[in-house]
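Morning, everyone. One structure today, and a quick walk through it. Have a look at the screen first.

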Amino acid sequence: MRLRLFFLLLLVQQATSANEIKFGKVSKEEVAAKQHTTYPEAEAAILHKKEWVRYNYQSETGWSQIREVHFRIKIYNKEGFDWATLQVPLYVSSSDREDIGSVKGYTFNLENGKVVSQKLKKDGVFIEEVNKYRNKASITMPEVREGSVLDIEYKITSPMFWHIDEFRLQYDIPVDQAEAQLNIPEYFIFKQYSRGTQPISVKQSKENRSLHVTYRSSDGSGWSAKSTHKTGSLDFFENVYNIGVSNIPALLDEKYTSNIDNFRASMKFELASTRFPNSPYKNYSLTWEDVAKSIYDYDDFGNELNRENYFEDEVDQLISGLSTDTEKAIAIFQHVKSKMNWDGYTGVGCSQGVRKAYKEGVGNVAEINLMLTAMFRYAGLEANPVLVSTRSHGIPIFPTRNGFNYVVAGLQTQNDFMLFDATDKNALPDVLPMRALNWFGRLIRDDGSSSQVNLMPKTKSLDAIMMVVDLNEDGSIKGKYRQQYTANNAFVFRNNYTSGSEDSYLDELEKKYVDLEISNFDLKNAKDLYKPVVQSYEFEKEVGYENIGGKIYLSPLFHLTTRENPFKMEKREYPIDYGYPWQDKYIISINIPEGYAVESIPEPIAVALPENLGQFRFNISATHNVISASVETALNSPIIPAHYYADLKEFYRHIIEKESEKIILAKS
């Protein structure tokens, strides 16, 4: 019985050893595979990912963090070649920086039935500065072909021991296996948070650890004292976390997604408290109210917000003679927008300070919008800063000081609450740049209290088109076009239009609508932000309809027809985010050519999404020699929950089918 048990244990050990993936050791089967077994459409896959985070201590520098990472990536086809370069972020603070080292890599290919390897060289590793807060290491593997297997290993050393970077467990390619191990000394207590819908295994245990520490000691006293180096041991236990996932599908991005990383399977560890020997217990756990108050107490936030003497005279002149709060707010807002230029940096703290930024006319987002808030307050308005996490920064899932990276101004009037962002010249009250439209922000007051603020616009943005079309006998069309934009639609148009010349804008418009020739273009209110943008032009198109057997077949919307469903996945596990509610209204008049009459026109239709989330209405009629079409599509909510994805996909199917139906004209 003992002998049988021995052999059973030996078999288990052999199986465990066989499943262990070692760097630089790949199988012929891995290299020879032509496609992924579970996801045959995959362009590449992560066969294995392993991370190990541990802590080190030195008496001169204190605690540091080491992260070792191993990737094994399979390239199935040319579309997967982007995965031949691995991007590694490296964080930088005012006095500390992360460093990457011990970078090793091999590319494995199959040649004449044998596995051959190509070693990563030094010139395949490149480090560049992204901005003053982040560097980036690029690891580019050599000799990558269809079928290659890449083995990459590196180590990051970080003095920022309090911050553990998020463990990403899902990518835009499948992940066969991913695991992470954290060895955290007992002195640091971290909270765990997970994202995504995929199952994640987390196991916790304890292990004893001993560190050999070198320190200085003084022998004697006074002038005869000597300093010597001594060694000792630091004994403690570690909390060990083992995280694992397997067979994780690719997380595919699709239209109308705010930030796909919000929904990616991952684990985050946030420092909650510290408990060092002979030191008091320190709690870092925060509520959102704690976060708001701590940010307000920053010298480069609250102190900067309270400065006034650099703008007093100018604001006095601006509001002189104005009676209402709204008039004063708009005058101040326009002044800050015209005087200040955003340097492109986000963050909730001032870099150079509001006084210097105002003098030089350039500042980061905090400097511009804190000075705006301060000016509102100086004018007697009830204004407070509103903390925001930008769309690229993600939706904060737990209270942390790093959860916000942007700030706007909130203004309470007698009848309304409005948001202002002076970093963009084309912004309006309650019309924020898309980067700031990220669900909820947090308003903070002088007394340290705070409250949640809905950042999403309440008013629908309109896109209204009126078009008159004449049909020519040769199959061409000509017509007149007038389009009006309001609110966020107008904001987006103005930014796009002013990013280039009028000629380049018209070239893009003609390309968008394929062979459309535009003339007599006119644009109104491009700079008058408080009025709708109105563009109008005349157009011609050589092929505007089909003439088959003496009958004319045409789409009632012509080049405005919706031809493709933006939603293609079978199911979607994250919400649809349009950014703001919107309404498209098309009114089209078609002049029937002489000698023709209507044989058939599409039937009217009305389609609605559940819970009044949106509607589509299509009406068409013919009177004498004119066909009139009225088409309206509206999404009443900026965010559609994921469980309505099938309904929304079906909604667009109705739109495409109805707009594609033909009007048929026959000779009378």
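Is Glu611 buried or exposed? Glu611 is exposed, with a relative accessible area of 64%. Exposed here means over 50% relative accessible area, buried means under 20%, and partly exposed is in between, with a 1.4 Å probe and protein chains only.

Some ground rules. This is a predicted model, where local features need pLDDT of at least 70 and side-chain atom pairs count only at pLDDT 80 or more, while totals for chains, interfaces and linings use all residues. Residues are numbered from 1 along each chain as its sequence is written, and side-chain values use heavy atoms, leaving out hydrogens and water.

Back to Glu611. Glu611 is in the loop between strand S32 (605-608) and strand S33 (614-623). Its phi is near 55°, a positive value in a residue other than glycine.

Now Phe558. Phi of Phe558 is near 55° too, again positive and again not a glycine. Phe558 is in the loop between strand S28 (551-554) and strand S29 (576-577). Phe558 is buried, with a relative accessible area of 5%.

Next, the whole chain. The protein chain has 11 helices and 36 strands. Those are DSSP runs, numbered from the N terminus: helices are H or I with at least four residues, strands are E with at least two. Of the 668 residues, 47% count as buried. The C-alpha atoms fill a box of roughly 110 × 80 × 45 Å along the principal axes. Take contacts, meaning heavy atoms within 4.5 Å. Among those with a separation of 6 or more, 72% come from residues 24 or more positions apart.

On to one helix. What covers the buried residues of H3? The cover includes helix H4 (299-305), helix H8 (365-378), strand S18 (382-388), strand S21 (440-444) and strand S22 (450-454). H3 itself spans residues 288-296, and its buried residues are Val291, Ala292, Ser294, Ile295 and Tyr296.

Last, charge. Lys and Arg count as positive, Asp and Glu as negative; His and the chain ends are not counted. Each charge is placed at NZ of Lys, CZ of Arg, CG of Asp or CD of Glu. The protein chain has 77 positive and 90 negative side chains, and the centres of the two sets lie 7 Å apart.

Finish with Glu538. Glu538 lies in strand S26 (residues 533-541). Glu538 is partly exposed, with a relative accessible area of 32%.
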